[in-house]
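Here are my notes on this predicted model. Please read them with the structure open.

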Amino acid sequence: MDGGDTVTGVEILTYTAFSSDPTGGNPAGVVLDASGLDDARMLAVAAEVGFSETAFALPPVDGELTVRYFSPLAEVPFCGHATIALAVAHAHRHGVGELRLRTLAGRVDVSTATADDGTVVATLVSVPPRSAPLADADLAELLAALRWSSGELDPALPPRVAYAGAWHPVIAAADRKRLAELEYDLPALAGLMQRNGWTTIDLVWRESETVFHARNPFPPGGVVEDPATGAAAAAFGGYLRELGLVAVPAALTVFQGQDLGRPSTIGVGVPAEPGSGIAVTGSAVPLPPGV
């Protein structure tokens with residue numbers, strides 16, 4: 001879907017973010033002009049697009065674009081991959097440069113530039129990140145839903161709930177095999193996430209000091225798993241800085257989607273200043289018609 005939608009009468013673009021290959025990354029819908037659309041119509045468009053998120057941009061006010069994010073099931077306060085897709089789509093239409101976005105989570109600044117291979121790369125700076133303890137009862141219920149045991153966790157990366165526009169529990173596996181064998185109880189996990197207001201579960205494995213692999217179950221979005229989750233990557237960068245688990249400033253790489261067959265690469269820039277926004281970088285390309 002890359003043109004006007006015959007049901008809603010709005011132009012819907014489709015991009016995949018955090019990849020320069022249409023077969024990789026995380027697909028998102030983009031509506032560059034959502035003027036006149038109310039919440040019900042935005043939700044209907046997102047459901048029709050069918051991707052985990054669709055971003056809706058409203059006309060700028062005082063130099064800021066108001067952006068709303070909808071999964072096929074509900075609105076979410078912020079979505080990283082849809083922001084990257086929106087920024088690249090905007091650059092393709094209006095040229096590269098700087099954007100100021102007004103989201104339900106707060107202001108998010110985004111810049112776009114053209115890479116040497118001609119693709120457009122976008123970098124967003126998240127709202128100030130923070131984290132909170134994960135209650136023992138919630139952790140036990142979460143591990144049971146994931147069908148993981150506490151002995152399979154990496155003690156160097158303690159479970160915690162992290163935020164950079166949306167809340168994501170961070171659960172670290174001790175080895176890559178545990179991450180690769182994801183098979184969870186979807187109804188149980190969905191219920192737990194709904195009660196706690198969690199957007200995805202950020203399951204990670206640390207390959208090296210600056211390289212991580214991630215998988216993100218996403219029942220609230222109506223999908224089993226997200227191939228690339230920029231909001232979770234930003235939250236994770238804040239978590240690492242807050243707990244002193246990475247030397248800052250840091251340039252991190254998060255690989256996601258490999259186990260789904262949609263490989264994604266997310267750059268995460270972690271400034272040294274406590275509480276400052278986390279930079280998330282990725283490319284995005286249009287999806288072919290009919291995808």
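1. By class, 13 nonpolar, five polar and one charged residues make up the lining of the largest pocket. That lining counts 19 residues in total, and E75, V76, W198, T199 and P220 lie nearest the pocket's centre. The volume of the largest pocket is about 260 Å³.

2. Two elements, β5 (75-76) and α5 (186-196), each supply at least two residues of this lining of the largest pocket. The biggest share comes from α5, with three residues.

3. The second largest pocket holds about 160 Å³ of space. Its lining divides into five nonpolar, three polar and four charged residues. Among them are L32, A57, P60, H90, R93, H94, E98 and R100. Here α2 (80-94) and β6 (98-103) are the elements that give two or more residues to the lining of the second largest pocket.

4. Now turn to helix α3 (residues 136-146). D138, L139, L142, L143, A145 and L146 are buried there. They sit on the same side of α3 because they cover an arc of only 160° around the axis. On the other side of α3, D136, A137 and A144 are exposed.

5. What do the buried residues of α3 pack against? Their partners are β11 (167-172), α5, β12 (202-206) and β13 (211-218). Note that α5 also gives three residues to the lining of the largest pocket.

6. Check the residue after the helix too. R147 follows α3, and its phi is positive, near 65°.

Terms used:
Residues are numbered from 1 along each chain as its sequence is written. This is a predicted model: local features need pLDDT of at least 70, side-chain atom pairs count only at pLDDT 80 or more; totals for chains, interfaces and linings use all residues. Side-chain values use heavy atoms; hydrogens and water are left out. On a 1 Å grid over the protein atoms alone, a cavity is a set of points where a 1.4 Å probe fits but cannot get out, and a pocket is an open set with protein on both sides within 12 Å along at least five of seven lines; lining residues have an atom within 4 Å of a point. Grid points are joined across faces, edges and corners, and a volume is the space filled by probe spheres set on the points. Helices (H or I, at least four residues) and strands (E, at least two) are DSSP runs, numbered from the N terminus. Ala, Val, Leu, Ile, Met, Phe, Trp, Tyr, Cys and Pro count as nonpolar, Asp, Glu, Lys and Arg as charged, and the others, Gly among them, as polar. Buried means under 20% relative accessible area, exposed over 50%, partly exposed in between (1.4 Å probe, protein chains only). The arc is that of the directions from the helix axis to the C-beta atoms. Contact means heavy atoms within 4.5 Å.
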